[in-house]
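Open the model in your viewer and keep the sequence panel beside it. Each stop below tells you what to select and what you will find there.

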Amino acid sequence: MAGKWRLTVTSDFSSAHQLRNYCGKCENMHGHNFGVELCVEGDRLTPDTELLVDFKVLKQALKQVLDGLDHRHLNEVPPFDRLNPSSENLARHIYMEAAALLADQPVRVVHVSVSEKDSSKATYRED
């Protein structure tokens, strides 16, 4: 059985949101400093540098996705103008966007986690 490598990068963004149909305080507009973790996996290192993919490539892809969410009212940003801007939906959205940006790299996105605070994290992955 061949081995695999996993690489993880983290970042954050600040945004406001309102959870629809929540029936509690979080239905009111409030903000978070969201933490984001992007994990990728691959099975081949480059022959020249013996890297799976440069961390800066992963960080740039994640930054590009998060720039569209940072310092925004998420309920006004597609697709969250239709979908509830929950941490679960944010994790799936970031996963899909990052996977598209990294499609030309020799890795696949394993999971994306989004945390509203250190004690609460939502993770999206596809099997």
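A contact here means heavy atoms within 4.5 Å. Among contacts between residues at least 6 apart in sequence, 65% join residues at least 24 apart. Keep in mind that this is a predicted model.

**Whole chain**

Show the cartoon first. Trace the chain along its sequence, and the pattern reads β-β-α-α-β-β. The C-alpha atoms fill a box of roughly 55 × 25 × 25 Å along the principal axes. Of the 127 residues, 40% are buried.

**The core**

Hide the surface and select Leu38, Leu69, Ile94 and Val112. In the largest nonpolar core, which has 28 residues, these four touch the most other members. β1 (5–17), β2 (30–42), α1 (55–67), α2 (87–101) and β3 (108–117) each supply at least two of its residues.

Stay on Ile94. Which residues does Ile94 touch, not counting those up to four places away in sequence? Select Phe13, Val36, Leu62, Val65, Leu66, Leu69, Val112 and Val114 to see them.

**Aromatic pairs**

The chain has 2 aromatic pairs. Start with Phe13 and Phe34. Their ring centres are 4.9 Å apart and their planes meet at 15°, so this pair is stacked; the cut-off for stacking is under 30 degrees. Phe13 sits in strand β1 and Phe34 in strand β2, so the pair ties together parts 21 residues apart in sequence. Both Phe13 and Phe34 are buried.

Move to Tyr95 and Tyr124. This pair is edge-to-face, with 5.1 Å centre to centre and 80° between the planes. Tyr95 belongs to helix α2 and Tyr124 to strand β4 (residues 120–125), so the pair links parts 29 residues apart in sequence. Is Tyr95 buried or exposed? Its relative accessibility is 6%, so Tyr95 counts as buried.

**His30**

Select His30, in strand β2. Show its side chain and look for two polar partners. The side chain of His30 reaches the backbone oxygen of Asn28 at 2.9 Å. A polar contact of 3.2 Å also joins the side chains of His30 and His32.

**Backbone stops in the loops**

Finish with the backbone. Go to Cys23, in the loop between β1 and β2. Cys23 has a positive phi of about 60° although it is not a glycine. With a relative accessible area of 73%, Cys23 is exposed.

Glu50 comes next, in the loop between β2 and α1. Its phi is positive too, at about 55°, although Glu50 is not a glycine. Glu50 is exposed, with a relative accessible area of 59%.

For the last stop, select Pro78 and Pro79. What kind of peptide bond joins Pro78 and Pro79? The bond is cis, with omega about 5°. Pro79 lies in the loop between α1 and α2.

Methods:
Residues are numbered from 1 along each chain as its sequence is written. This is a predicted model: local features need pLDDT of at least 70, side-chain atom pairs count only at pLDDT 80 or more; totals for chains, interfaces and linings use all residues. Side-chain values use heavy atoms; hydrogens and water are left out. A nonpolar core is a set of buried Ala, Val, Leu, Ile, Met, Phe, Trp, Tyr and Cys residues joined through side-chain atoms within 4.5 Å. Buried means under 20% relative accessible area, exposed over 50%, partly exposed in between (1.4 Å probe, protein chains only). Helices (H or I, at least four residues) and strands (E, at least two) are DSSP runs, numbered from the N terminus. Rings of Phe, Tyr and Trp (its six-membered ring) pair if their centres lie within 6.5 Å; planes under 30 degrees apart count as stacked, over 60 as edge-to-face and the rest as tilted. A polar contact is a pair of N or O atoms within 3.5 Å; within protein, one must be able to donate a hydrogen and the other to accept it, and residues adjacent in sequence count only if both atoms are side-chain atoms.
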